[in-house]
Each structure stands twice: as C-alpha cells, then as structure tokens.
Amino acid sequence: MKVSAAAVALAFALVLANFADQSHGALQEGFYKRKCNVDVEKIISDIITPLVGQKPWITPALLRMQFHDCFVNGCDASILLDGSSSEKTAIPNRSVRGYDVIDLVKAAIEKSCPGVVSCADVVVMATRDAVAASKGGYYSVPTGRRDGMVSLAENVNLPGPSISVENSAAIFNSKGISAEDMVHLLGGHTVGVAHCSFIKNRLYNFNNTGSTDLTMQTELAVFLKLKCPHTSTVDNTVDLDQGGNSLVIVGEPTSEIVDNSFYKQIVIRRGVLGIDQALALNKLTKDTVNKAAISTNDYFLTKFQQAMVKLGAVEVLTGTQGEIRKSCRAINKS
C-alpha cells in the first residue's frame, strides 16, 4: 500500500499538533520571559535576598509554606487564601508564617507585570531565593503554575512530627515523591525551629513509658529539657538542627544555614523531631541519610534542590486551569 507524501505530511502535522496540546501550559524554566517586559525572577530575588539577611526565619517559613501548600491539592497557592474555613485555619497551618512576605513580592510584581504571574509561582520562586540567601545555592525552577480557587481546612491532612517513616514514605509516594527524595526534602529541617510541645513526649513520656525516648542522645535530652521544662506553660522553641548546640558539644550553630549538618546530627542520635531521628534508624531511609551525612555539602545541596523542584511540580494547575490571582489572599471577582 502506497502512502502519498501529502498524507505523511498531514499525519506528521497531526502528531505535532497533538504534542503541542499536551505540552501547552506545562511548567518550563523562564516561563515569564516572553510574558513580561521585566525580569520577574530578579524582582523577587531583590526583595527576598535582603529580607532573609534581616530575618533568617523567612527561609524555614517559606520552605514550610511551600510544603504545606503542595501537599494539599497540589502547588496552587490555596494555602494563601483567606477565609473562615480556608486551609490557613487548619491546625497544622496555624503556625505557618510568611504570608506578608508573599504579599510584598506579589504587590511588586503586579506593579510591573499585572495579572500575569501566579501566586503559586511566587511561592516557589520566593522559597528558592530564600534557600539561596541561606547559603543553600541557587537553582532554576520551572514556572507556569496557575492558582487554585478552592481552599478548605478539611482537606488539610499533613504528616505530623511523630509519624513513622513507613507512613511518611507512603504519603510522599502518593504525591509522586520517592523515599529518597523525602529524606532530602526533610533536610530542610537544617533551618528553623520546633515548638517544645512537639517534643515533650520524647523528653518526658515517650510512648507512655514515663521516660525519655532512648533513641535520643543523652546529652541532647539534657540540653532540650533545659529549653523545654516539663511543667512550663510557655511553648518555647528549639533549633531543629542541633549542630553546635549542647552542654558538651561545642561548635558553630548552623540553624540559619542550609547545609548537611542536619544529617550529621541525626546519625549521632541528635534528631529533635521523632520523624527526623527515625530517618537515620529505619532501613528504608538510613542509607540515604548516611550518604548525605558523609558526603560533601555540595552533594546534599544538589539533592535538596532537585527534590525541591520535584515538590514544586506536585499536582500543579497549568494552561487554562485555575486563574492568576490579583491578590494572593482572595480569588478574583468574576
């Protein structure tokens, strides 16, 4: 059977058209270069970089915000929406910070390129710049996300600080993220703090034993008990990365720097959260932890950055899905 050149050309054109439809709206690096007459990413960097220098807490705050956003209905900025029953009101999100930082960035972008850049992309790019400003290195992030229009507290079901490694891995896997990438994402605990209320169980009554979690280094337990007295009514905070913080271990604290110190701590049983310590002990994750601990810092940063890009691609809205919000706190008025 002979096929004419015209038929072949037509079939090829249809294949290209179909491919174009499939790739339309897909995330891509430099998405806004053809859409704005200004460098959107530079605008964000110029705001975030000096802010992190003044307020180092912004980095862990934005890392947490991106994680909490992407794990509920995907990376659609639904966590930013105000409302009496929005995601913000869910118990795990009540301590999320950084909304004002996103507002500041979004307002600056709207002045230069109104109605084009999504809040979902602002969160991802601002987080990237905060990591870079905390010595975590710069990495390219694909953009082109659209903003979601639904935000309900009842949809928030996030893994807690005492979750088992197996259950945590299952949740991450449901989002298309491997156990190895989960370990590298939790390396974000190299910055930031935990409230004492999340660790008092490990310090004073682990699994209703009336004693300290035996997987915690004794010296660390003594140090943390000073920070988190059993009968205190004040919910103090402690660094998640305990590098340099101890009664007997002297060193430069690295809790404001994105580095592999977190892994070096948990391999010697100095993990603060239950899930953090479990990563170093569980057969599913301990090899990944050990490699991150003994490898160069650049090795971890590369793995962390790659995992952050994967996180930023979870269940995204693209093309004509969702909308581009004018204000990150409210859906557009029809």
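Analyst: A residue is counted as lining a pocket when it has an atom within 4 Å of a point of that pocket. The model discussed here is predicted. In the second largest pocket, α8 (200-204) and α11 each supply at least two residues of the lining.

User: Which element gives the largest share of the lining of the second largest pocket?

Analyst: That element is α11, with five residues. The pocket holds about 200 Å³ of space. It is lined by 15 residues, and those closest to its centre are Ser-162, Arg-202, Phe-206, Asp-213 and Gly-274.

User: How is the lining of the second largest pocket divided by class?

Analyst: It has six nonpolar, seven polar and two charged residues. Gly counts as polar in this scheme, while Asp and Arg count as charged and Phe as nonpolar.

User: What is the volume of the largest pocket, and which residues are closest to its centre?

Analyst: Its volume is about 1100 Å³. Among its 41 lining residues, Arg-64, His-68, His-189, Val-193 and Leu-240 are the closest to the centre. Two or more lining residues come from each of α3 (58-70), α6 (165-174), α7 (179-186), β1 (193-195), β2 (237-239) and α13. The largest share, seven residues, belongs to α3.

User: What makes up the lining of the largest pocket by class?

Analyst: There are 25 nonpolar, twelve polar and four charged residues in that lining.

User: Why is Arg-269 called partly exposed?

Analyst: The label covers relative accessibility between the buried limit, under 20%, and the exposed limit, over 50%. Arg-269 has 35% relative accessibility, and therefore counts as partly exposed. Arg-269 is found in the loop between α10 (261-266) and α11 (274-281).

User: What is the phi of Arg-269?

Analyst: Its phi is positive, about 65°, although Arg-269 is not a glycine.

User: Is Glu-315 buried, exposed or partly exposed, and why?

Analyst: Glu-315 is at 39% relative accessibility, so it counts as partly exposed. Under 20% would have been buried, and over 50% exposed. Glu-315 lies in the segment after α13 (297-311).

User: What is the phi of Glu-315?

Analyst: The phi of Glu-315 is near 45°, which is a positive value in a residue other than glycine.

Terms used:
Residues numbered from 1 in each chain as written. Predicted model: local features only at pLDDT ≥ 70, side-chain atom pairs only at ≥ 80, totals over all residues. Heavy atoms only, no water. Helix = DSSP H or I, 4+ residues; strand = E, 2+ residues; numbered from the N terminus. Buried < 20%, exposed > 50% of the residue type's maximum accessible area, 1.4 Å probe, protein only. 1 Å grid on protein atoms, 1.4 Å probe; cavity = no way out; pocket = protein on both sides within 12 Å on 5 of 7 lines; lining within 4 Å. Points joined across faces, edges and corners; volume = space filled by probe spheres on them.
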